[in-house]
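Hi everyone, thanks for coming. Please have a look at the picture while I talk, and we'll go from the whole chain down to a few single residues.

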Amino acid sequence: MIYPLSMTIVLAVLGGLITIENLFVCSLVLRYKQLRSHTNGFVFSLALADLAYGSLVIPVHLAIPPKLLHNYLLALVLMANISTLLAVTLDRFVAVRHLLLYTTFMRKYFWVIVGVSWAFPIAASLLPLIWDSDATHFAHEIYIYCILAVGILLPYLLILAAYIAIFHTVRRHARFLTQFPVTADNKEAHEEGRRVCAEARVARIFAVVAAIFVISWLPVVYMTFVGNMDRLDLIPRWLTTVSWLTLSVGSLVNAPIYAFMKRDFRDVISKFALSTRAIVSRKREEKEAEMEIGTFHVTVVAEE
């Protein structure tokens, strides 16, 4: 699709911002040990999916006329986001509902979960190569319906059910904490309740991310479903442009959500800002000192 220059510039700027901010999130996780937790491992994976969208999908879409490559990249990013959101939901579910088993479970299965959350999208997005990506082939029609049902709808039903269970558990613990004062007999139960409530605050962040993802990808899912039914007349011409804007804005807001809503990220960003300010200040002082030395040297030479 050929866009007006203004729209091309908007998408290019959004792609650049998405790329920069997700590179920043990834670099923070890699640089600071404080952020190297299992949960932030899934944040890193989500940031990689958004990074792929900003640095690959948008440039390819703007630079190359619509081809099958667009469909492969979009399918890969879509399913990578969904599978990673499902993985981080599992992380929060175990942390809240089975707190005592969380560390053991994640140490054993973290890399398996991450591997599956990327292997499935890659395999599923390349599956149409078997029938040469022929959209008229009967297998392709079945494939689209399977992706919509098994790859999108089912994971989000699982995510919804998991967050309902998570917040039900949190309400139960919060009720216990307010109704029963701390005593020697229930001190451990109170500590577990506080830990569960703390884990649930992180779960809220990913629930927000999941909701934003649904809203931003909804136009694409609708157009895919309607197009597979051969009802292109039900797709307004403006919806394609709107869909790219919703996808881009959805990817754009994820990183700030991690940065400003997760406490460990806020702490690290504050530390990063202070260290950067100290480096800039030290360089400025060194430059001023060099200038003073140069001025002194010129003055001495002039006097001689």
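Starting at the N terminus, the elements of the protein chain run α-α-α-α-α-α-α-α. That makes eight helices and zero strands. Please keep in mind that this is a predicted model.

Now a few numbers for the whole chain. It has 304 residues, and 40% of them count as buried. The accessible surface comes to about 17,500 Å², and carbon and sulfur atoms account for 69% of that. Next, take the contacts between residues at least 6 apart in sequence: 75% of them join residues at least 24 apart.

Let's move on to how helices pack. Two packed helices are described by the angle between their axes and the distance between the axes. So, what is the angle between helix α1 and helix α7? Helix α1 covers residues 5-31, helix α7 covers residues 237-261, and they pack at an angle of about 25 degrees, with their axes 9 Å apart. Angles under 35 degrees count as roughly parallel, and α1 and α7 are therefore roughly parallel to each other. The crossing of α1 past α7 is left-handed.

Which residues of α1 and α7 make the contact? On the α1 side you can find Leu11, Leu14 and Ile18, among others. On the α7 side, the residues include Trp244, Leu245 and Leu252. Sorted by class, the contact of α1 with α7 has 14 nonpolar, four polar and one charged residues.

Helix α7 also packs with helix α2, which is residues 38-63. Here the angle is about 145 degrees, and the axes are 10 Å apart. α2 passes α7 in a left-handed crossing. From α2, the contact includes Val43, Leu46, Asp50 and Tyr53. From α7, Trp244, Ser248, Ser251 and Tyr258 are among the residues taking part. By class, the contact of α2 with α7 has eight nonpolar, four polar and one charged residues.

Time to zoom in on single residues. Please find Gly15, which sits in helix α1. Is Gly15 buried or exposed? Its relative accessibility is 4%, and buried means under 20%, so Gly15 counts as buried. Leaving aside neighbours within four places in sequence, Gly15 is in contact with Gly54 and Ile58. Gly15 and Gly54 are 39 residues apart in sequence, yet their C-alpha atoms are 4.3 Å apart in space.

The second residue is Ile152, found in helix α5, residues 138-179. Ile152 has a relative accessible area of 12%, so this residue is buried too. What does Ile152 touch, apart from neighbours within four places in sequence? The answer is Leu78, Ile82, Ile147 and Val221. Of these, Leu78 lies 74 residues from Ile152 along the chain, and the two C-alpha atoms are separated by 8.7 Å.

The last stop is His140, also in helix α5. With a relative accessibility of 14%, His140 counts as buried. Again setting aside neighbours within four places in sequence, the contacts of His140 are Pro128, Trp131, Asp134, Ala135 and Asn228.

Key: Residues numbered from 1 in each chain as written. Predicted model: local features only at pLDDT ≥ 70, side-chain atom pairs only at ≥ 80, totals over all residues. Heavy atoms only, no water. Axes fitted to C-alpha atoms, helices over the stretch in contact; angles between N-to-C directions. Helix = DSSP H or I, 4+ residues; strand = E, 2+ residues; numbered from the N terminus. Parallel < 35°, antiparallel > 145°, perpendicular 65-115°, else oblique. Left-handed = near helix turned anticlockwise from the far one by under 90°. Contact = heavy atoms within 4.5 Å. Nonpolar A, V, L, I, M, F, W, Y, C, P; charged D, E, K, R; others polar. Buried < 20%, exposed > 50% of the residue type's maximum accessible area, 1.4 Å probe, protein only. Areas by Shrake-Rupley, 256 points an atom, 1.4 Å probe, with all protein chains shown as cover.
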